[in-house]
Amino acid sequence: MKLERDDLLKLYRNMVLTRKTDESIIDGIKTGRVVSFFHSGQGHEATDVGGVTFLRKGDWAMAGVRGHGVGQAIAKGLAPREFLAEHCGKATGCCFGWSGFHTANLELGLPGYWGTVGTTFPITLGLGIACKKDGKGNVVVSYFGDGASGRGTLHEAFNMTSIYKLPVVWLCENNMLAINMPASEAVASKDVADLAYGYNMPGVVVDGQDVVAVAEAVMIAVERARAGDGPSLVECKTFRFRPHSEGGKMIRGYQPIPEEEIAEWRSKDPIVLFRKKLIEQGIAANVELDKIDGDAAAEIAVAEKFVAESPLADPERMFNSLYA
Amino acid sequence: MADINFARAISQALDEEMARDEKVYMIGEDVRAGVFTAQAGLVQKYGEERVIDTPISETAIAGSCLGAAIAGYRPVADMMFDDFMLICMDEMKNAAQWRFANGGFIKVPIVYRLPMGGYVGLGADHSRAMFSPVMHLAGMKVVVPSTPYDAKGLLKTAIRDDNPVCFFEHRLLYRTRGPVPEEEYLIPFGVADVKKEGSDLTIVALGYMVQWAMELAKEYEAKGVSIEVIDPRTLEPLDIDTIVKSVEKTGRVLLVEEDMTRCGATAEIGMQIMDRAFDSLDAPILRVGAKNFPIAGGPMEKLILPSKNDIITAIDKLLGR
Ligand SMILES: Cc1ncc(C[n+]2csc(CCOP(=O)(O)OP(=O)(O)O)c2C)c(N)n1
């Protein structure tokens with residue numbers, strides 16, 4: 001897929017909006033607006049957004065645990081205010097405010113969120129079976145972490161998507177940490193992408209801080225999936241800028257991660273890097289990008305006001321929701 | 001006796017048992033750092049060979065405990081959230097049944113530590129109290145401590161038991177404090193603790209709910225109502241005798257748990273009271289527990305989990321007030 005100027009600006013906008021939504025949740029935790037915990041996705045914007053922005057409406061984006069799927073949701077067209085409202089327990093949230101922190105919207109291809117790591121593997125398999133049966137050429141892009149790759153569900157789902165040639169793109173966001181556990185001690189292979197070999201699917205490693213690299217790699221896998229050639233595995237090397245969950249500490253194993261190292265990670269901010277590239281390559285001017293930043297900030301400000309004025313989740317609706 | 005918190009009591013028990021018996025080891029996700037800080041400092045003391053950090057592999061954690069136990073070790077697994085034990089329910093069921101189904105001579109000493117519970121707003125995936133699912137695994141012992149003293153004494157007993165044990169630790173209890181002796185002690189399984197004596201009404205409460213029962217019993221005391229509070233401490237084995245004796249005295253009983261009432265631990269306890277003490281009952285047995293719903297996230301969880309008010313309403317109903 002050749003990315004045009006508009007496509008690139010779209011990537012930039014989605015990343016900025018994702019970051020600002022994430023920041024708004026963190027601010028909401030500090031001020032008490034947010035009713036649940038939060039696992040910030042800062043640092044992951046290029047992978048979250050890059051793998052989803054160019055999907056079609058009928059395609060599914062299955063998020064992993066990080067960021068509660070904020071980037072994937074925004075790239076799929078969910079209004080940030082629905083994400084914010086859900087985290088604030090408001091009836092206007094995408095799950096009507098009683099989930100605490102889940103994201104779902106079937107029309108947009110967001111199948112729902114679940115906090116149990118690795119649950120997404122077999123669910124993705126099922127979405128893939130459905131896409132194949134539908135015969136409309138739709139695909140699933142399914143995110144998981146380096147930590148999630150330890151779950152046995154991965155094996156069953158990787159194997160079956162491959163033998164059934166299902167239209168699935170497995171997207172590993174390898175931030176080298178699972179809570180405090182370093183991937184170097186938890187993943188036996190050098191790269192998670194190496195697993196692809198055993199399942200007879202293509203596996204590639206890309207720079208997860210480079211949104212264009214992510215988008216291009218994923219779209220190659222998407223085209224392959226649409227053509228009926230089966231699943232692929234794209235591993236994006238990335239960084240988790242913040243603690244596992246807000247209020248926690250940056251620990252590796254059981255030792256604090258040195259400040260200099262965190263600073264080094266943060267110097268690879270995918271938004272800053274992309275902005276620099278857009279300007280250096282003469283694709284966009286500073287003012288244009290400033291306007292996108294400003295628009296995103298304004299959208300979040302309006303969304304925060306909307307959320308503040310929204311009613312709390314409706315107990316009656318909740319209690320009527322157990323059975324269909 | 002020093003006052004220490006529940007988390008400290010747990011780590012003392014682990015520390016003492018690991019020092020006593022080198023066959024004891026810990027395994028689980030982030031056990032070196034300790035997600036709920038109940039094992040701080042142990043990796044420094046015992047090394048990574050005995051404080052084994054794993055990938056996110058619940059099936060392997062639970063199932064490997066069975067293998068190591070058969071081979072003579074005494075693993076203590078940390079499942080981080082009891083919700084996640086459902087991932088490895090087959091392995092835990094196998095651990096429970098291995099001895100019986102293989103001639104009755106194999107020892108399976110495993111402790112599955114199960115941090116658990118609601119009132120933290122963590123939603124449907126991280127909040128359940130799940131006592132009854134493991135009560136269904138014949139061969140599994142089930143422990144639900146409510147104080148630092150009980151947590152330490154029961155965990156030490158659990159580690160020394162030659163059978164698999166599910167050990168539930170409510171997250172809101174970790175910071176609660178209570179007296180714990182300096183000298184070593186063990187608390188046997190199957191011995192309920194009468195946390196407070198009383199004559200008008202018996203409350204049998206589990207885990208975190210014991211705290212509420214105690215607070216309310218004190219409030220009612222001031223109003224001239226004498227409530228007896230019983231903490232069974234272990235659900236398998238269950239000390240029904242102590243409960244029955246109390247019901248024979250008071251004639252009224254309220255059962256309180258955080259899990260869903262449908263098929264909950266209290267359903268079992270209530271039925272056993274019916275069997276044993278029907279003639280002593282002056283009023284129907286009442287239960288307070290979670291509604292038969294998944295746990296909602298954020299503040300909406302309050303509508304599903306039992307509240308203190310639910311307990312007050314039930315007490316007043318039992319007393320005919
Ligand atoms: C089955 C299961 N085990 C443990 C946890 C606790 N937990 C939540 S996130 C997480 C780490 C996930 O790491 P990774 O998959 O690399 O994703 P990341 O958080 O780094 O984005 C763990 C262990 C969980 N939610 N589900």
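Select domain 1 and domain 2 of chain B: 30 residues of domain 1 are in contact with 34 residues of domain 2, contact meaning heavy atoms within 4.5 Å. This is a predicted model, in which local features need pLDDT of at least 70 and side-chain atom pairs count only at pLDDT 80 or more, while totals for chains, interfaces and linings use all residues. Residues are numbered from 1 along each chain as its sequence is written, chains are lettered from A in the order in which they are written, and side-chain values use heavy atoms, without hydrogens and water.

Next, show the surface between them. About 2300 Å² is buried between domain 1 and domain 2 of chain B, 58% of it from carbon and sulfur atoms; buried area is the accessible area (1.4 Å probe) that two parts lose on being put together, summed over both. On the domain 1 side, pick B:Tyr119, B:Arg128 and B:Met135, which lose the most area to domain 2 and together give 29% of what that side buries.

Then turn to the charged pairs. The two domains of chain B are linked by 3 salt bridges (a side-chain nitrogen of Lys or Arg within 4 Å of a carboxyl oxygen of Asp or Glu). Select B:Arg233 and B:Asp150: this pair forms a salt bridge with its closest N and O atoms 3.0 Å apart.
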